[in-house]
Amino acid sequence: MTKHNNMSRSWRRVAVNAQAWTPTAKEFAGAIARVQRDERERILRFRFIQDAKSSLVGRLLLRYLVQEELGVPNAEIELVREESGRPVLRCPEHVSQLRFNVSHAGSYVVMAADSEREIGVDVMDHRRPLHDDVERFFELMTTTFTPKEWDNIRRSDTHGTALLEFYRYWTLKESYIKAIGLGLRMDLQRLQFASDPRLSHAQDDLMAVVDGATCEVDGERLSDWTFEQCHLDPRHCVSVCVHRSPGSYRPQPFVIMDTAAVIDALAPLREDELDDPAVMGIFAQMKDKPQRQ
Ligand SMILES: CC(C)(COP(=O)(O)OP(=O)(O)OC[C@H]1O[C@@H](n2cnc3c(N)ncnc32)[C@H](O)[C@@H]1OP(=O)(O)O)[C@@H](O)C(=O)NCCC(=O)NCCS
């Protein structure tokens, strides 16, 4: 298990390769007995095993964070969703200052937290889209980015790097939308990002964090938000957006943890469901998701 100590605060940026976790039906039942019943029901409705694992690991990560950061045992953690769908803690006031956000894409589930400021995170897998060629895919996404953002994305000379740049911009935009909790209600054309060019040269040190990306909202530069960007591996890029001025804190690298370590750290909420035959049966019926190349 990854070792942490209170000083490092290393559980505030955690990434887990949820798809590397290949649980038996009993192990899956054991893991889902550690999240709230409403989340258990939601996760069991997924058709694809990959989606169920990502969603479950996301919930486990949030519970792990709250337990490690605030010392609240798993049984006392209650997460609720705001109207927009964003999960938040239902806790006494002093505890609920903790801000966090989760994202899942491809193999990874990531979680980012801050002790008091709004935070959003987004991870993307930048392999080719499953059904479209890159040009067709970009056409479908025209309104996601401003003309200037598209210039930056398309400046890359091969489709591989243009896709990577596309997803870097995507995660930046999503991280901000998620930090302010607006989800689909934000007009994406109001936001104009410039990705940190140092990220393109960070391929040799994948997890190195750069924090020089900038954002304008309706033409006004945002000066009190910081955007941290890094790669988790050659296929996944991630952005974290924090409501803190650039330079006022030290950006944090992601710590990679195993799903099993997160599960082990959390006590089951319902001992009698650790080998629930109903859950094991549903898990056995879930299908594999078609894979991108
Ligand atoms: C939730 C949303 C903000 C992001 O969804 P997504 O990118 O498909 O998925 P991610 O994996 O990054 O994030 C999902 C997680 O964010 C959290 N979340 C849900 N609603 C949220 C909201 N309004 N704000 C912040 N976080 C939210 C949840 O933890 C969710 O996981 P869970 O349901 O398993 O608990 C969604 O509203 C959305 O799809 N927005 C798209 C906006 C858009 O068009 N973007 C284009 C590219 S910029």
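I began at Ser239, where a polar atom of the side chain lies 3.5 Å from the backbone nitrogen of Leu172. For a polar contact I take a pair of N or O atoms within 3.5 Å; within protein, one must be able to donate a hydrogen and the other to accept it, and residues adjacent in sequence count only if both atoms are side-chain atoms.

A note on the source: this is a predicted model, where local features need pLDDT of at least 70, side-chain atom pairs count only at pLDDT 80 or more, and totals for chains, interfaces and linings use all residues. Residues are numbered from 1 along each chain as its sequence is written, and side-chain values use heavy atoms, with hydrogens and water left out.

**Ser239**

I found Ser239 in strand β11 (residues 236-242); strands (E, at least two residues) and helices (H or I, at least four) are DSSP runs, numbered from the N terminus. Is Ser239 buried or exposed? Ser239 has 0% relative accessibility, so I list it as buried (under 20% relative accessible area; exposed is over 50%, partly exposed in between, with a 1.4 Å probe and protein chains only). Not counting residues up to four places away in sequence, I see Ser239 touching residues including Asp122, Arg168, Leu172 and Glu228; contact means heavy atoms within 4.5 Å.

**Aromatic rings**

Next I looked up the aromatic pairs, and the structure holds 17. Rings of Phe, Tyr and Trp (its six-membered ring) pair if their centres lie within 6.5 Å; planes under 30 degrees apart are stacked, over 60 edge-to-face, and the rest tilted. Phe137 and Phe138 make a tilted pair, 6.3 Å centre to centre with 40° between the planes. Both Phe137 and Phe138 are buried. Phe138 also pairs with Phe166: the centres are 5.2 Å apart and the planes at 20°, so I call this pair stacked. Phe138 belongs to helix α4 (residues 134-140) and Phe166 to helix α6 (residues 159-179), so the pair ties together parts 28 residues apart in sequence. Phe166 is buried, as is Phe138. I also noted one aromatic cluster, with Trp150 and Tyr169 among its members.

**Ligand**

Which residues are closest to the ligand? I listed Ser103, His104, Asp122, Glu174 and Lys178, out of 22 that surround it (a heavy atom within 4 Å). A polar side-chain atom of Lys178 is 2.8 Å from a ligand oxygen atom. A side-chain N or O atom of Asn101 lies 3.0 Å from a ligand nitrogen atom. Taken alone the ligand exposes 900 Å², and the protein buries 80% of that (Shrake-Rupley method, 1.4 Å probe; for residues, only the protein chains shown count as cover).
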